[in-house]
Amino acid sequence: MTIQVGSARGKPGQIVYGTFEALPLPTGGSEFFPVIIAQGREAAEPVLWLTANIHGGEYDGIAVIHHLITLELLAHLRGTLVAIPTLSPAGLRTGERSPYYLGGKDPNRLFPGLSSPDADYPNHFAPALEQAYSRLFERISATANYLIDLHDFGIRSIPFAFRDPVFYTSAGDKLVAEKLQQKVGEMLDALGLTVVNEFASARYMELDLHRSVSGAALNRARIPAITIEIGGQKAVNTNYVQAVVIGVRNIMRWAGMLLGPPELLPDIPIIKPGYPVRRTIHPRVPQACIVHHLVQPGDLLAPGDPVARMVDIYGRAIGPDSGLLRTKFEGFVLGLFPGMAFYPNDAIDGLAIRDQNELVVQAPQL
Ligand SMILES: [Zn+2]
């Protein structure tokens, strides 16, 4: 099997570089996704796709790809790595979550999910970037055995991985979905980081997370796929990058792409509270205020624990309870959201809280 993505064509025992044409620019020239294909000397399979930086201000994933794909790795590689260091070159150039030509939309909700808007809305005029992602997704579906999408969370966070729900449509399909979810679990075990379930299925669909890179790979193409949140946005955390490089190599060992026992992860926070957790955005400030955080990423929380103090611009506590903002959940802090000045109902933290939802779920009627 020859793996071709854009102008990059996999060759045994080589790392090749190329471009995948994304969209033409009105001022001439074009936007492209950079493509790296590293192929072992013998078999081209299995194939692991690594994608990064679909959110332009999230840099750690680019560093992971740069540090992972080396001649040393190539010498031991069995199968193929396909890497796209940025899925949003415009977002990377400006450091923004949304590329300037997408009108503020989240690019990580534009992959072909369980339902495609073309089928739902005959008058949907897909933005050029959405069309580019569709074409790239066709290459992912045709070649990938596994996919890892690399992100950053909040302004500071612990490294962790998101586990998405898998949807099924019939009793027979449920068995397939369960097998797929089990593979995802094995990938996450091999990675060794903190694991957080995505939003429960109704909210997951409402937020179009089935159209994220890993959501689409998992639920549309049925490829085992995970999202890794490496650290905080807008900066590179070299320690967490190193941990994720090792974690990805350990996934490759699990997949038979490297030989030998797993490597030890460096000293990073890994939270295993003893019960499954899912992500939530909490707490929210009830009033406009300045926030002083009282917790750090990785801190364990019990219901009623204070997580922040709300003050006015003079530093005086606002509201009852000396301005303390408390959590109502059991769990731990994933990351702090950027900013110090917040408006009513703004959330200040991403938390992982106790989860009782199923990870294999009947597909909603679309
Ligand atoms: Zn992201």
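Residues are numbered from 1 along each chain as its sequence is written. Because the model is predicted, local features need pLDDT of at least 70 and side-chain atom pairs count only at pLDDT 80 or more, while totals for chains, interfaces and linings use all residues. Helices (H or I, at least four residues) and strands (E, at least two) are DSSP runs, numbered from the N terminus.

**Exercise 1. Determine which face of helix 6 is buried.**

Solution. 

Step 1. Helix 6 covers residues 171–191, which is 21 residues. The expected span of a helix is 1.5 Å times one less than its number of residues. From first C-alpha to last, helix 6 reaches 31 Å, close to the expected 30 Å.

Step 2. A residue is buried if 20 or more other C-beta atoms lie within 10 Å of its own, exposed if 12 or fewer, and partly exposed in between, with C-beta atoms placed from the backbone. In helix 6 the buried residues are Ala177, Gln181, Val184, Met187, Leu188 and Leu191.

Step 3. Viewed down the axis of helix 6, these buried residues fall within an arc of 110°, so they line one face of the helix. The arc is that of the directions from the helix axis to the C-beta atoms. An α-helix has 3.6 residues a turn, so residues three or four places apart point the same way.

Step 4. Ala171, Gly172 and Leu175 are exposed on the other side of helix 6. After the helix comes Gly192, with a positive phi near 85°.

**Exercise 2. Describe how helix 1 and helix 9 pack.**

Solution. 

Step 1. Two packed helices are described by the angle between their axes and the distance between the axes. Helix 1 (residues 60–68) packs against helix 9 (residues 238–254) at an angle of about 55°, and their axes are 9 Å apart. Axes are lines fitted to C-alpha atoms, for helices over the stretch in contact, and angles run from 0 to 180 degrees between N-to-C directions.

Step 2. This angle makes helix 1 oblique to helix 9. Angles under 35 degrees count as roughly parallel, over 145 as roughly antiparallel, 65 to 115 as roughly perpendicular and the rest as oblique.

Step 3. The residues that meet are Asp60, Ala63, Val64, His67 and Leu68 from helix 1, and Tyr240, Val241, Val244, Val245 and Val248 from helix 9. Two residues are in contact if their C-beta atoms, placed from the backbone, lie within 7 Å.

**Exercise 3. State how far helix 9 is enclosed, and by what.**

Solution. 

Step 1. Among the buried residues are Tyr240, Ala243, Arg249 and Met252.

Step 2. The cover over these buried residues includes strand 5 (47–52), helix 1, strand 7 (146–151), helix 6 and strand 12 (225–229).

**Exercise 4. Locate the cis peptide bonds Glu45 to Pro46 and His282 to Pro283.**

Solution. 

Step 1. The bond joining Glu45 and Pro46 has an omega of about 0°. Pro46 is placed in the loop between strand 4 (30–39) and strand 5.

Step 2. For His282 to Pro283, omega is near -5°. Pro283 belongs to the loop between strand 13 (277–281) and strand 14 (289–293).

**Exercise 5. Decide whether Asp208 is buried, partly exposed or exposed.**

Solution. 

Step 1. Asp208 lies in the loop between helix 7 (201–206) and helix 8 (213–219). Although Asp208 is not a glycine, its phi is positive, about 60°.

Step 2. Asp208 has 18 C-beta neighbours inside 10 Å and therefore counts as partly exposed.
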